[in-house]
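Reader: I am new to reading structures. Could you take me through one part closely, and then show me what lies around it?

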Amino acid sequence: MEVMLSVEGLEKSFKHKKVLQQITFDVHKGEIMAILGPNGAGKSTTIRNIMGILYPDEGSIIFHHATGKEIPRHKIGYLPEERGLYKNVKVMDILLYLADLKDYPLKKARERAMAYLRKFDLEGKENVSVEELSKGMGQKVQFISSILHEPELLILDEPFSGLDPVSQDLFKEEIKNLAKSGTAILLSSHQMNLVEEMCDRLFMIQHGQKVIYGTLDDVKKQYANFKCTIRGRNERTVLEQLPGVERVEEREGLSILFLLKDVNPAAWLRNLPAELDIHELSIDRISLHEIFVDIAADKHLLTEGGQAHA
Amino acid sequence: MRNTMKVAKWEVKRNLKNKSFLIGMFLTPLLMLGGYFIFQWIGSTDVPDDDAAVLLVHDELGVFEQLEAIVAEQSLSLELEQSDLLESEAEEVLTDKENMAYMAIDKRILDNATVPVYTSEDMGEWFNYDIQALAEPIQQIRLAQLSLSEEELAMVTEGVQFEEHVEGTLDEGTANEEDTEAANILENLVPGIFAGIILLSIVFTGMMIFQSASQEKKDKIAEIILSSVKPEELMQGKIIGYFVLGIIQVAVFLALVMPVAVWKIDFPIIEYLLTPKLLLLLLIAVLGYLLFAAIFVGIGATMADISTAGNFQGMIMMLPFLPVLFIGPVIEDPSGFMAQLGSYIPFSAPGVLLLRLSFLETWPWMEIGIALLILAISVWFFMKMAGRIFKTGILMYGKNATPKEIWKWMFID
């Protein structure tokens, strides 16, 4: 796939503290690449360096479709994490102004703005002042402003934060459609379920360093071992001694058995001792959410092929 | 530059669509005009001709014509009537009259310097002042009794006049040159006032830059804008945009006030205005604007809200008003030490220079040159510093920067 953006060896320090170390990844045309990590991990700093709002100490950011050293701002759509709009202006005015700053033809911008307002249930709001919009409506307008000029690269920093489920689905669909039509999308989010549903590849970051980087399938294969959840009264030591069990967690009457990477779930189930107290049992893969929480909590307990990941 | 102009255009458009800006723009000159007309109306109705007090003059010494001349010359609110009425009858005649008085001019003036005046019960409030003006010809009669020569008489009645000479501006004018002197004063004063209006107006709209920059932080839109334009472009766009708004304000002001001024004021304003000196005065005004715009945009980028301004920011916001301290000394002596000092301090220079050049007939070109150089270097320096503050400050949402942080952005980062 065609590479649109390359970040290579990005380093950044604030007050002698390294906040980014050797960050390297690519974003391809037509893919959704997720950048994940707990608060303060360095996601927004990475994005701000890409956008030229901050300047990296080391490393390079290459826009493969741009000529010259300048950031091709008019080819990039950007929705920052901390965002808002001018309050006392009309919706259409602000959309056209932002499109104009991207050198996008005004007539086309107006047509696309109307189409998107319709699509996002904001028909008839074009002449309404921004301050009269609800928070959700405002977020939709912000999202429209980031995609109105048909960007080749779309950078979305926490696009789903504060959205209701209906709007979340709307945004999700639109982001998928944009990717399908060839836009390269770099997206940061905390909502792992959404990321899991949407992204093609992911880059997970903690303390400014890479933790995981690869396609979603690879990551799942690599990191997402099986886990077995049992409701019942069983001795923790008994559970820990079962074959193929890497570790056990107990919470609210549930025992969660994390299995080793090469465990075959069917065979493992057959070999469970009959004397175990089982009221309920389920077996599934560790989710991206659990990997994320694990990293965020700095537990370093998950294994990659049975070895600590960090 | 294209992006700068787009930002500038947006700021102009946004404000011109803003009701409170529009109301302010039209209301100020209209209020001024309204105030002017109201005062004029009050002035003209306060002492109407109908209310002029009728003064019956019983003149035995033949000064009536002189008195009438004084009434006409000084537009006194008196209507003189020569009367044969005797003093003894006066009281009776005045009892049922309003705003009427009786004056007997006879030899008592010569004897004991008194002029009996009888008035009706209600008199206009200016009557007592007005009749004082009639004392001069009556006094002349007394002096004539002293058998003075004409020269002596002239000397006594001439009185003493104070003639002021200011060192450095001494220009030995004679009475014949009085007209040209007045014209010279107007020649400098009119462009000076004009440039002063422009400076004030653009500095006031310049203060809106401060609000615009801090609003950018409050509305959290800075990062979205900065994904399309560079911080310098955003800052310059704001400075240019508000400059244009200031000029529009001046234009509206002049369009409304100028016709009335030309109509009501009896000298050729336009002729005095359009002189080469105006260009220099305008340059001073523009440099002044750029200096304060840089300060406002920089400080605006450090604050989330004006209401949270600390002492530090508050003090800096007061800098454009520094010339106020110099107004007194500069008017008293436009070439004095304080005037020179004010010209060399960049924050007071624009105001002080405009004030001095409006009053000085001979311009001190050397001082102007040095002051302009200091001002221009300051503009360059403050723009650069404002750029550094703006770049970082504008993205610090919901938080005010401390002086220490601002210092760091300016000189260390």
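In what sense do strand β6 and strand β7 of chain A pair, and over how many bridges?

Author: This is a predicted model. Strand β6 of chain A covers residues 153–157, and strand β7 of chain A covers residues 184–188. The two pair in the parallel sense, over five bridges. Take one residue as an example. I155(A) has L186(A) in β7(A) as its bridge partner.

Now step back to the sheet. It is open and has six strands. Their order in chain A is β5-β6-β7-β3-β8-β9. The pairing across the sheet is mixed. β5 and β9 (209–215) of chain A are the edge strands, and each pairs on one side only. On average, neighbouring strands in this sheet are turned by 15 degrees against each other, direction ignored.

Next, the helices on the sheet. Helix α1 of chain A, residues 43–50, lies across β3 (32–36), β6, β7 and β8 (201–206) of chain A. Helix α1 of chain A runs at about 150 degrees to β6(A). Helix α4 of chain A, residues 135–147, lies across β5 and β6 of chain A. Its angle to β5(A) is about 160 degrees.

Go back to I155(A). Set aside its neighbours within four places in sequence. I155(A) is then in contact with I47(A), I50(A), M51(A), I76(A), G77(A), Y78(A) and L186(A). I155(A) also belongs to the largest nonpolar core, which has 132 residues. Six residues there touch the most other members: L95(A), I155(A), I185(A), A293(B), A294(B) and V297(B). Helix α13 of chain B, residues 276–300, gives the most to this core, with 14 residues.

L95(A) leads us to a helix. Eight of the eleven residues of α2(A) are buried, so this helix is largely enclosed by the rest of the structure. The buried ones are V91(A), I94(A), L95(A), L96(A), Y97(A), L98(A), A99(A) and L101(A). What covers them? In chain A, the cover includes α3 (106–119) and α4. In chain B, it includes α1 (2–16) and α10 (222–226). Just after α2(A), D103(A) takes a positive phi of about 60 degrees.

That brings us to where the chains meet. 20 residues of chain A are in contact with 16 residues of chain B. On the chain A side, β5 (76–79) and α2 (91–101) each supply at least two residues. α2(A) gives the most to this side, with four residues. By class, the chain A side has eleven nonpolar, three polar and six charged residues.

Chain A also has a division of its own. Domain 1 covers 3–220, and domain 2 covers 222–308. Their centres, taken over C-alpha atoms, are 36 Å apart. The contact takes 13 residues from domain 1 of chain A and ten residues from domain 2 of chain A. On the domain 1 side, α6 (192–198), β8, β9 and α7 (216–223) of chain A each supply at least two residues. α6(A) provides the largest share of that side, four residues. The domain 1 side has eight nonpolar, two polar and three charged residues.

Look at one spot in chain B. S77(B) sits in the loop between α3 (64–73) and β2 (78–82) of chain B. S77(B) counts as buried because 20 other C-beta atoms lie within 10 Å. S77(B) and F127(B) are 50 residues apart in sequence. In space, they are 7.5 Å apart, C-alpha to C-alpha.

Last, a helix pair in chain B. Helix α16 of chain B covers residues 337–344, and helix α18 of chain B covers residues 365–393. Their axes come within 8 Å and cross at roughly 35 degrees. From α16(B) come Q340(B), S343(B) and Y344(B). They meet E367(B), I370(B), A371(B) and I374(B) in α18(B). This contact has four nonpolar, two polar and one charged residues.

How values were computed: Residues numbered from 1 in each chain as written. Chains lettered and ligands numbered in written order. Predicted model: local features only at pLDDT ≥ 70, side-chain atom pairs only at ≥ 80, totals over all residues. Buried ≥ 20, exposed ≤ 12 C-beta atoms within 10 Å, placed from the backbone. Contact = placed C-beta atoms within 7 Å. Nonpolar A, V, L, I, M, F, W, Y, C, P; charged D, E, K, R; others polar. Pairing = 2+ DSSP bridges. Axes fitted to C-alpha atoms, helices over the stretch in contact; angles between N-to-C directions. Domains from an automatic or database assignment. Core = buried A, V, L, I, M, F, W, Y, C linked by C-beta atoms within 7 Å.
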